[in-house]
Amino acid sequence: MKEMPLLIQSKEIDRLRSTAELFDNNPHLQENARTFSSRPLVDVDPRCLLYVQQREFAATTPADNSVSVIGSDDATTCHLVVLRHTGSGAVCLAHCDGSSTCSEVPLLVKAVASLSNLCKDGRFELHLVGGFNDDSETSHELSLNILAAFQKQKEDIHLETCCISEMNDIAENGIHRPIVYGIGVNVKTGEVFPASFAHKGPAEKLRSARTFTGGQYLSTSPMAEPPHFVQHIKSTIQFLLEHPNSDSLFPGGQPQFYHRAESGDWERLVQS
């Protein structure tokens, strides 16, 4: 199967050596990134939200009656990836930390494609937000790896938003940090916007604990973390100490299931 490069304004782009090259060759992406990062944060109503944590992704369609916004935040060197099919409206959001980019990206494409399989019209559009000018250049490396992974997909993918690395960077007192830490995507319209989230359920601590597997550092950029980061880490470690094995969390090795109640809250379904 022939690999298709990413498309920008319907033109193929070659394999990139740097994010600077990408932005130098496409000044409209710079302008779009500046516009995007200057938009005010939207505080998303948790009653319509599906929150995505680090190393997770979620996909749905406009027909979903439980979810109006998919969102994620607390991304420093991590990147938030939105892939949408304009015909079906199927949309996916991922919070990528670089741990398995090559295997994650095909899953995102497959998820959106499978939700769009009856739709003959439309195209795949890609929105990337995240990273900054960190000292170790972890953000830039992840930016290039994500772009390269999308270039290996067989589908044509149109890069629409690219607010990454140096275009998502601000320095205060000599300390660099991201401008945008979080985004949401409106499932009904496809709009992508800077966002913050007061509630990150269901099962926030359990899902956060997943990112401690695999020997990850607590943070790749401690000086750029949001104010609540330390408390978040403490509560996650406490959760792990309280649950040294998985038996109490997954009786019989069965997964946890949740549904959206009429109140808008996520409720766990108890399996009989």
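I started with the cores. The largest nonpolar core has 49 residues, and the ones with the most contacts inside it are Ile70, Val81, Leu126, Phe150 and Ile183. There is also a second, separate core of seven residues, including Tyr51 and Phe197. Buried means under 20% relative accessible area, exposed means over 50%, and partly exposed is in between (1.4 Å probe, protein chains only).

Before going on, I noted that this is a predicted model, where local features need pLDDT of at least 70 and side-chain atom pairs count only at pLDDT 80 or more, while totals for chains, interfaces and linings use all residues. Residues are numbered from 1 along each chain as its sequence is written, and side-chain values use heavy atoms, with hydrogens and water left out.

Next, the sheet. I found seven strands in an open sheet with mixed pairing, ordered S2-S1-S10-S9-S7-S8-S5. Strands S2 (11-12) and S5 (57-60) are the edges, each pairing on one side only. Strands (E, at least two residues) and helices (H or I, at least four) are DSSP runs numbered from the N terminus, and two strands pair if DSSP finds at least two bridges between them. S9 (residues 124-130) and S10 (residues 157-164) run parallel, joined by seven bridges. I picked out Val129, whose bridge partner in S10 is Cys163.

Then I checked the loop between S4 (49-51) and S5, where I found Glu56. Is Glu56 buried or exposed? Glu56 counts as buried because its relative accessibility is 15%. Its side chain reaches the backbone nitrogen of Gln53 at 2.8 Å. That is a polar contact: a pair of N or O atoms within 3.5 Å, where within protein one must be able to donate a hydrogen and the other to accept it, and residues adjacent in sequence count only if both atoms are side-chain atoms.

Arg55 is in the loop between S4 and S5 too. Its phi is near 70°, a positive value in a residue other than glycine. Most residues other than glycine have a negative phi, and most peptide bonds are trans. Arg55 is buried, at 18% relative accessible area.

Gln9, in the loop between S1 and S2, has a positive phi of about 50° as well. Gln9 counts as exposed, since its relative accessibility is 56%.

Last entry: the peptide bond from Gly201 to Pro202 is cis, with omega near 0°.

Notes. Core = buried A, V, L, I, M, F, W, Y, C linked by side-chain atoms within 4.5 Å.
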